[in-house]
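Reader: Before I rely on any of the labels attached to this model, I would like each one set against its definition. Could we go through them in turn?

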Amino acid sequence: MTPPSGGPAVAVRDLRKSYGAVEAVRGISFAIHAGECFGLLGPNGAGKTTTVEILEGLLPPTSGEAEVLGRRWGRDDREIRERLGVCLQQTVLSERLEVGETVALFRAFYREGREPRDVVGEVGLQEKARARVGTLSGGQKQRLAVACALVGDPELLFLDEPTTGLDPQSRRQVWDLVDGFKKRARTVVLTTHYMDEAEKLCDRVAVLDHGRVISEGTPRELIRSLGGDHVIEIAVEEGGPRGLRPGDLADLPSVRAVHAEAGHLVLTVAEPHVTIAPLLERVASLGFRLSSLATRHASLEDVFVSLTGRHLRDE
Amino acid sequence: MSDRTRARAFLALCLARFRESYREPEVLFWAFVFPVLLSAALAVAFRERPPEPSRAAVLRGPGAARLLLALRKAPLVVVEEAGPEEAAHALRMGRVDVVVSVAADPAAPVEYRLDPSRPEAGVARARVDDAVQRAAGRADLVPTRDVPASEPGGRYVDFLVPGLLGMNLMSAGMWGVGYALVDMRIKRLLKRLLATPMRAADFMVALMTMRVVSTFAEVGVLLSFAALALGVPVRGSLAAVMAVAVLGSMCFSGLGLAVACRARKIETVSGLMNLVTMPMFVASGVFFSVERFPETVQPAIRALPLTALNDALRAVTLEGADFVSQWPRLLLLAAWGGASFALGLRLFRWS
């Protein structure tokens with residue numbers, strides 16, 4: 001049951017969605033290949049959930065085309081739904097059903113699917129199989145939601161903010177589940193505003209802002225587009241005649257970009273070992289004393305900042 | 001979706017709904033315990049009592065002694081002597097039902113002061129007047145005799161139990177379907193279900209089916225209690241009672257769906273529920289007969305589904321009517337249920 005002619009799992013062309021005068025999605029196009037994990041990345045209100053819900057057939061688009069598994073919504077809805085697994089943002093499953101009963105209920109909706117007990121085991125809830133949903137922790141509830149999405153043995157899995165609000169350990173457990181699903185060569189569409197999540201799970205990402213795709217590619221490509229893989233962050237002691245400015249450092253060797261941010265200067269560099277010695281000299285020669293210096297790998301967060309001038313979680 | 005998958009999905013939905021209901025203690029209380037408690041309490045409050053005597057005050061004055069003498073001998077009249085102000089106050093407060101006064105002149109009329117809108121006042125006037133006329137020498141022209149008749153089926157509690165049954169079917173149907181839907185909508189569970197191959201209509205029908213199935217248990221418990229503990233007669237066949245109850249339950253499940261089809265807040269659906277159910281609680285003959293309302297509003301009250309359900313339930317339990325004889329009322333119930341189900345499904349909002 002692969003898409004006909006090996007086409008994309010999802011193809012979106014000039015998708016738009018308005019709520020009254022508010023345009024949530026303003027002309028989005030992308031294609032998701034079968035077997036990849038595709039991330040929709042962006043701050044709250046960027047249009048991620050709206051886009052995903054259109055792809056899930058839960059919202060009609062205002063205009064544009066969305067093809068899922070080679071089919072169109074409105075014609076073959078039930079056929080598409082048979083092959084989709086969906087994990088909505090914040091679904092509260094019935095508190096009075098047991099874990100096993102809940103997964104079995106969702107299994108019953110699909111023509112073909114997996115043994116509920118196996119799926120409960122896969123998400124690590126076998127010991128909670130007889131527990132009421134209302135007694136589960138947040139992380140356990142989220143894993144149960146993933147189990148309900150997996151039990152129909154989908155070809156395409158949608159995860160909308162699957163780890164928002166979870167503790168680090170629960171997040172890791174959900175990531176492992178997605179990894180396991182990817183290993184079976186199935187397609188995943190994931191929305192998130194966590195950069196580490198996108199870098200860890202996604203083969204390709206589209207960065208969304210204000211209802212538009214502002215960048216698209218593999219996490220690696222997007223980070224490379226900054227011109228350097230590394231970031232040096234410095235801060236200087238206060239008290240000089242003026243602050244240290246980005247322009248003071250832009251011409252140092254291997255520096256690709258400099259911007260100021262909350263008391264820091266952030267330098268994007270290709271080779272930190274080439275930059276650091278001249279950087280220290282320059283700071284001292286301008287009469288400043290360093291109060292901190294840190295280096296790290298550039299992340300998708302830096303990509304977002306360089307594209308929009310804002311942080312992902314500012315909003 | 002094949003028919004087998006569809007049947008399996010429907011049964012799974014019914015089973016999930018059944019588990020959700022019986023695991024909710026409040027549901028069990030309102031469905032089973034509350035109606036029994038209410039009918040027991042009302043049966044005690046309106047138990048058979050000896051007739052209440054009328055209370056009369058005689059105004060102090062020259063003719064008072066004559067009146068007092070006559071009224072003290074009268075059956076079911078309690079009389080006291082009072083000054084004008086005291087008597088007026090007692091009348092206003094409802095402590096006496098009628099104030100009697102007469103001038104010294106034997107030819108002057110006896111005056112009854114009373115509030116004609118109070119039923120007790122009318123009874124008191126009749127009893128007092130009878131005593132006054134007899135004291136003046138009036139005799140009965142026709143001999144009469146009272147035969148006390150209080151058979152099962154004619155008591156207030158007998159009238160009440162079918163009404164409570166109807167009221168309960170209304171509340172359980174509307175809240176059971178309406179509240180559940182809005183709760184699932186708020187939790188986005190409806191949206192999550194929509195994302196599966198499940199059929200929307202199957203989901204609604206499963207919800208209503210489970211409501212109707214629990215009707216059997218609810219009606220069984222209340223009727224058994226009424227029959228065994230309160231001696232309420234069930235003269236029609238149990239099958240006819242159940243059939244009427246099931247139709248009523250379906251009708252109010254449909255209304256529940258219509259009321260809940262778009263609401264996104266529990267407050268909204270609660271308000272709408274009360275708006276729909278309150279007039280029927282009052283007007284549809286749960287606690288007192290519909291006949292008490294003025295003639296002009298009777299057609300409107302008769303058109304309400306709870307009136308039809310209560311009338312049909314009373315006919316089959318108290319009068320032993322069969323199911324078919326109730327067709328106009330059953331047709332009305334089916335029309336209300338069908339129209340509201342269709343409307344609810346058409347306007348339904350999943351998120």
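Author: This is a predicted model, in which local features need pLDDT of at least 70 and side-chain atom pairs count only at pLDDT 80 or more, while totals for chains, interfaces and linings use all residues. Residues are numbered from 1 along each chain as its sequence is written, and chains are lettered from A and ligands numbered from 1 in the order in which they are written.

Reader: What makes β11(A) count as largely enclosed?

Author: A residue is called buried if 20 or more other C-beta atoms, placed from the backbone, lie within 10 Å of its own, exposed if 12 or fewer do, and partly exposed in between. In strand β11 (residues 230-236) of chain A, 5 of the 7 residues are buried, so the rest of the structure largely encloses this strand. Across chain A, with its 315 residues, 44% count as buried. Strands here are DSSP runs of E with at least two residues, and helices are runs of H or I with at least four, numbered from the N terminus; chain A has 10 helices and 14 strands.

Reader: How do you know which strands pair with β11(A)?

Author: Pairing requires that DSSP finds at least two bridges between two strands. β11(A) is joined by 5 bridges to strand β13 (residues 264-269) of chain A and by 7 bridges to strand β14 (residues 290-297) of chain A, and both pairings are antiparallel. H230(A) stands opposite V269(A) in β13(A), and E233(A) has A294(A) in β14(A) as its bridge partner.

Reader: Why are β2 and β4 of chain B said to stand at the edges of their sheet?

Author: The sheet is open, with 4 strands in the order β2-β1-β3-β4 (chain B) and mixed pairing. β2 (77-82) and β4 (111-113) of chain B each have a single partner strand, so one side of each is left without a neighbour in the sheet. The twist averages 25 degrees from one strand to the next. Strand β3 (residues 98-101) of chain B pairs with β4(B) in the antiparallel sense over 3 bridges, and V99(B) stands opposite R113(B) in β4(B).

Reader: What packs on that sheet?

Author: Helix α5 (residues 119-135) of chain B does, touching β1 (54-59), β2, β3 and β4 of chain B, and its direction makes about 60 degrees with that of β1(B). Contact is judged by C-beta atoms, placed from the backbone, that lie within 7 Å.

Reader: Why are α9(B) and α13(B) called roughly parallel?

Author: The axes of helix α9 (residues 238-260) and helix α13 (residues 327-347) of chain B come within 7 Å and cross at roughly 30 degrees. That makes α9(B) roughly parallel to α13(B), because angles under 35 degrees count as roughly parallel, over 145 as roughly antiparallel, 65 to 115 as roughly perpendicular and the rest as oblique. The axes are lines fitted to C-alpha atoms, for helices over the stretch in contact, and angles run from 0 to 180 degrees between N-to-C directions. Among the residues that meet are L247(B) and G248(B) in α9(B), and L330(B) and L333(B) in α13(B).

Reader: How many residues of chain B are in contact with chain A, and where does the largest share come from?

Author: 21 residues of chain B are in contact with 22 residues of chain A. On the side of chain B that touches chain A, α1 (3-22) and α7 (189-194) each supply at least two residues, and α1(B) gives the largest share, 7 residues.

Technical notes: Two residues are in contact if their C-beta atoms, placed from the backbone, lie within 7 Å.
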